[in-house]
Amino acid sequence: LEYFISFFLFVIASFSDFLDGYIARKYNLVTTYGKFMDPIADKLLVDSTIIICAIKLPNLVPAVVAVIMIARDLLVDALRQLASAKGVVLAANMWGKIKTVTQMVALSFVLLNDWPFSYIAPHMSNYYPITAIICYIACLASFVSGVLYFTKNIKIFKDGSK
């Protein structure tokens, strides 16, 4: 029961994040504050869930996956902070959105404790849960989005540049 409750709370929080962005774009309510705070809210939701799941369900969220995803978020936040100090706001890009969606999908299955996969393919779940594979895919999306974010914004590291 606790997995289903956690799942539903996570889905509601994830959907409210999507809805907030959709409404802001549709009604032209996008603000600098929103561009800055939305990724932070995403990361608080996702990273805290990753940590809890990696501790409670390490067979579904391997530690390396949690470390890579959280490290990417910390590094991107550091880049955002550096850019902000130079008067530049770095908005999320499409790869960042892909990363967030894949993480939220993966974590949804984790919060369901590998359901329905553990019932569909129980023999595979005994060896390597399908949800863990989905977490690795989310980890890869996270890594790629981080690399692309840094390569696109490398100019932020140059002194005196915006």
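Because the model is predicted, local features require pLDDT of at least 70 and side-chain atom pairs count only at pLDDT 80 or more, whereas totals for chains, interfaces and linings use all residues. Residues are numbered from 1 along each chain as its sequence is written, and side-chain values use heavy atoms, with hydrogens and water left out.

Helix 7 comprises residues 130-152; helices are DSSP runs of H or I with at least four residues, numbered from the N terminus. From its first C-alpha to its last, this 23-residue helix reaches 33 Å, close to the 33 Å expected at 1.5 Å a residue, the expected span being 1.5 Å times one less than the number of residues. Several residues of helix 7 are buried, among them T131, C135, A138, S142 and Y149 (buried means under 20% relative accessible area, exposed over 50%, and partly exposed in between, with a 1.4 Å probe and protein chains only). The cover over the buried residues of helix 7 includes helix 3 (63-85), helix 4 (94-111) and helix 5 (117-120).

No disulfide, defined as a pair of cysteine sulfur atoms within 2.5 Å, was found in a search of the whole structure. For C53, the nearest cysteine sulfur is that of C135, 7.9 Å away. C53 is buried at a relative accessible area of 3%, and C135 is buried at 2%.

The search for salt bridges returned four, a salt bridge being a side-chain nitrogen of Lys or Arg within 4 Å of a carboxyl oxygen of Asp or Glu. In the pair D77 and K43, the closest N and O atoms are 2.6 Å apart. D77 lies in helix 3 and K43 in helix 2 (residues 32-56), so this pair ties together parts that are 34 residues apart in sequence. D77 is partly exposed at 25% relative accessibility, whereas K43 is buried at 7%.

D73 forms a salt bridge with R72, at 3.1 Å between the closest N and O atoms, and another with K99, at 3.3 Å. The latter links D73 in helix 3 to K99 in helix 4, 26 residues apart. D73 and R72 are buried, as is K99, and the three residues are linked in a network of salt bridges.

Key: Helix = DSSP H or I, 4+ residues; strand = E, 2+ residues; numbered from the N terminus. Contact = heavy atoms within 4.5 Å.
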